[in-house]
Amino acid sequence: MSDMPSDILIKQQIIDTVRMFCTHGLGVGTAGNLSVRSANGFIITPTGLAYEQLKPDLLVELDAEGNTVTGHLRPSSEWRFHRDIYRSDDEAGAIVHVHSPYATAMACTHQSIPAFHYMVAIAGGDSIRCADYATFGTAELSNYVIRALQDRKACLLANHGMIALGRDVSSAFRMAQEVEELAKQYCYSLQIGSPVVLDNKEMQTVLEKFKHYGRQGEEDN
Ligand SMILES: [Zn+2]
């Protein structure tokens, strides 16, 4: 199936965005991947290729079973949780996965990010959960991820990194930046004292306000 012009634009946006992982403190080397839901399934970055070498026709499109639709390279070794997130969350239009330093530091201590700052609500609830550890690429890891993402747009992955969801590539990237920033602030707070966690009632108030804030954001775009 030949690429529609819009597919080429989306593929270029995927490439531009994964290159920003390194320039925006979200990772080094190729330890990250990004996918976008497509008509046939989803388009994902290939495994083991330097971001500088990426070109639109090197991205891989997989169907809902995980079979290759277009592309001749192997998909990211972590394609399975991308597929399983798209299956379980209709609102997920794009997924960013990175091993960013602060989120990963928290994930390596198996700590969720609590409501130490009201912006934690940006991910949909009063915490950003840490999914249990399982080997990368396994169905077991997918199951833990789906559980941690219940009513959330982001989670940490124990001894691994983080996942951020969005309606599109730019919103998933912004979510990853938010999560990394919150993890950084929480790590700093732990160094100078005991972070004070906001209570449920306050976080419910913030979540309500964010619903309105989100709609306004859409009108602006
Ligand atoms: Zn990973």
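Residues are numbered from 1 along each chain as its sequence is written. Because the model is predicted, local features were required to have pLDDT of at least 70 and side-chain atom pairs were counted only at pLDDT 80 or more, while totals for chains, interfaces and linings use all residues. Helices (H or I, at least four residues) and strands (E, at least two) are DSSP runs, numbered from the N terminus.

The largest nonpolar core comprises 60 residues, among which Val 145, Cys 155, Met 162 and Val 179 touch the most other members. A nonpolar core is here a set of buried Ala, Val, Leu, Ile, Met, Phe, Trp, Tyr and Cys residues joined through C-beta atoms within 7 Å. A residue is termed buried if 20 or more other C-beta atoms lie within 10 Å of its own, exposed if 12 or fewer, and partly exposed in between, with C-beta atoms placed from the backbone. Helix 5 (residues 169-192) gives the most to this core, contributing nine residues. In soluble globular proteins, nonpolar side chains tend to be buried together. When neighbours within four places in sequence are left aside, Met 162 is in contact with Val 98, Ser 100, Ala 103, Ala 107, Ala 154, Cys 155, Leu 156, Leu 157, Ala 176 and Val 179. Contact between two residues requires their C-beta atoms, placed from the backbone, to lie within 7 Å.

Helix 3 (101-108) packs with helix 5, their axes coming within 7 Å and crossing at roughly 60 degrees. Helix 3 is therefore oblique to helix 5. Axes are lines fitted to C-alpha atoms, for helices over the stretch in contact, and angles run from 0 to 180 degrees between N-to-C directions. Angles under 35 degrees count as roughly parallel, over 145 as roughly antiparallel, 65 to 115 as roughly perpendicular and the rest as oblique. The crossing of these two helices is left-handed; this term applies if the near helix is turned anticlockwise from the far one by less than a right angle, and right-handed applies if clockwise. On the helix 3 side, Tyr 102, Ala 103, Ala 105 and Met 106 meet Val 179, Glu 180, Ala 183, Lys 184, Tyr 186 and Cys 187 of helix 5. The residues of this contact divide into eight nonpolar, no polar and two charged. In this classification Ala, Val, Leu, Ile, Met, Phe, Trp, Tyr, Cys and Pro count as nonpolar, Asp, Glu, Lys and Arg as charged, and the others, Gly among them, as polar. Within helix 3, the buried residues are Tyr 102, Ala 103, Thr 104, Met 106 and Ala 107. These buried residues pack against strand 6, strand 7, strand 8 and helix 5.

Arg 80, Phe 81, Asp 84, Ile 85 and Ser 88 in helix 2 meet Ala 139, Leu 141, Ser 142, Val 145 and Ile 146 in helix 4. Six nonpolar, two polar and two charged residues make up this contact. Trp 79, Phe 81, His 82, Arg 83, Ile 85 and Tyr 86 of helix 2 are buried, and their covering includes strand 1 (32-37), strand 2 (41-44), strand 3 (60-63), strand 5 (94-98), helix 4 and strand 8 (161-166). Arg 80, by contrast, counts as partly exposed, with 19 C-beta neighbours inside 10 Å. Beyond four places in sequence, Arg 80 is in contact with Gly 66, Gly 137, Ala 139 and Ser 142.

Most residues other than glycine have a negative phi. His 110, however, has a positive phi near 55 degrees and lies in the loop between helix 3 and strand 6 (130-131). His 110 is partly exposed because it has 13 C-beta neighbours inside 10 Å. Asp 151 likewise has a positive phi, of about 60 degrees, and is placed in the loop between helix 4 (139-148) and strand 7 (154-157). Asp 151 is exposed, with 9 other C-beta atoms within 10 Å.

Thr 30 lies in the loop between helix 1 and strand 1 and is partly exposed, with 19 C-beta neighbours inside 10 Å. Leaving aside neighbours within four places in sequence, Thr 30 is in contact with Gly 48, Leu 49, Ala 50 and Tyr 51. Thr 30 and Asn 40 are ten residues apart in sequence and 26 Å apart in space, C-alpha to C-alpha.
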